[in-house]
Amino acid sequence: MPGVEGFAAIAAFTAQDARFHHLLAEQSGNRMLHDAVVRLRAHLHLFRLHFPTAHHGTSGREHLRIVDAVATGDPDAAGSAMRGHLLAAADRHLPFFERS
């Protein structure tokens, strides 16, 4: 969020990120996916506390590509955007786990 720093930036990103994942899982119609996202919420919240704020914009842009593809009704583009987001997120997050 432009102009927001520190804990406020983390809180804003966390709220938006959680809402995005929850709504996407809900809209998928896949109850198992939705339940998994809900069950992982607390774990993701803890992880987000250590997530570099420099990555917030990157994640946001990836989310927008997914939303745009879903909104246009293009399942191939939505799948590609989601795969891209998951792979990029794994690349961004892996160094954190390797240090732990």
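The structure, a predicted model, holds two salt bridges.

User: What makes the pair of Arg31 and Asp35 a salt bridge?

Analyst: The term requires a side-chain nitrogen of Lys or Arg within 4 Å of a carboxyl oxygen of Asp or Glu. The closest N and O atoms of Arg31 and Asp35 are 3.3 Å apart, so the pair meets the definition.

User: Why are Arg31 and Asp35 separated by about one helical turn?

Analyst: Because Arg31 and Asp35 are four residues apart in helix α2. Helices here are DSSP runs (H or I, at least four residues), strands are runs of E with at least two, and both are numbered from the N terminus.

User: Why is Arg31 called exposed, and why is Asp35 called partly exposed?

Analyst: Buried means under 20% relative accessible area, exposed over 50%, and partly exposed in between, with a 1.4 Å probe and protein chains only. Arg31 has 56% relative accessibility and therefore counts as exposed. Asp35, at 25%, is therefore partly exposed.

User: What is known of the salt bridge between Arg92 and Glu62?

Analyst: The side chains of Arg92 and Glu62 meet at 2.8 Å, N to O. Arg92 lies in helix α4 and Glu62 in helix α3, so this pair ties together parts that are 30 residues apart in sequence. Both Arg92 and Glu62 are buried.

User: Is Ile10 buried or exposed, and how do you know?

Analyst: Ile10, which is found in helix α1, has 17% relative accessibility and therefore counts as buried. In space, Ile10 lies 7.0 Å from Leu49, C-alpha to C-alpha, although 39 residues separate Ile10 and Leu49 in sequence.

User: Which class does Leu23 fall into, and why?

Analyst: Leu23 belongs to helix α1. Its relative accessibility is 31%, so Leu23 counts as partly exposed. Leu23 and His34 are eleven residues apart in sequence and 8.6 Å apart in space, C-alpha to C-alpha.

User: What makes Phe7, Leu46 and Leu49 a nonpolar patch?

Analyst: Patches consist of residues with over 30% relative accessible area and no salt bridge; nonpolar side chains (Val, Leu, Ile, Met, Phe, Trp, Tyr) are joined within 5 Å, and like charges within 9 Å. Leu46, in helix α2, is exposed because its relative accessible area is 51%. Together, the three residues have about 330 Å² of accessible area, a quantity that comes from the Shrake-Rupley method with a 1.4 Å probe, where for residues only the protein chains shown count as cover.

User: What is the volume of the largest pocket, and which residues are closest to its centre?

Analyst: About 700 Å³ of space lies in the largest pocket. Of its 29 lining residues, His21, Leu44, Met82, His85 and Leu86 are closest to the centre. A pocket is an open set of points on a 1 Å grid over the protein atoms alone, where a 1.4 Å probe fits, with protein on both sides within 12 Å along at least five of seven lines; lining residues have an atom within 4 Å of a point.

User: Which helix supplies the largest share of that lining?

Analyst: Helix α4 does, with ten residues.

Conventions:
Residues are numbered from 1 along each chain as its sequence is written. This is a predicted model: local features need pLDDT of at least 70, side-chain atom pairs count only at pLDDT 80 or more; totals for chains, interfaces and linings use all residues. Side-chain values use heavy atoms; hydrogens and water are left out. Grid points are joined across faces, edges and corners, and a volume is the space filled by probe spheres set on the points.
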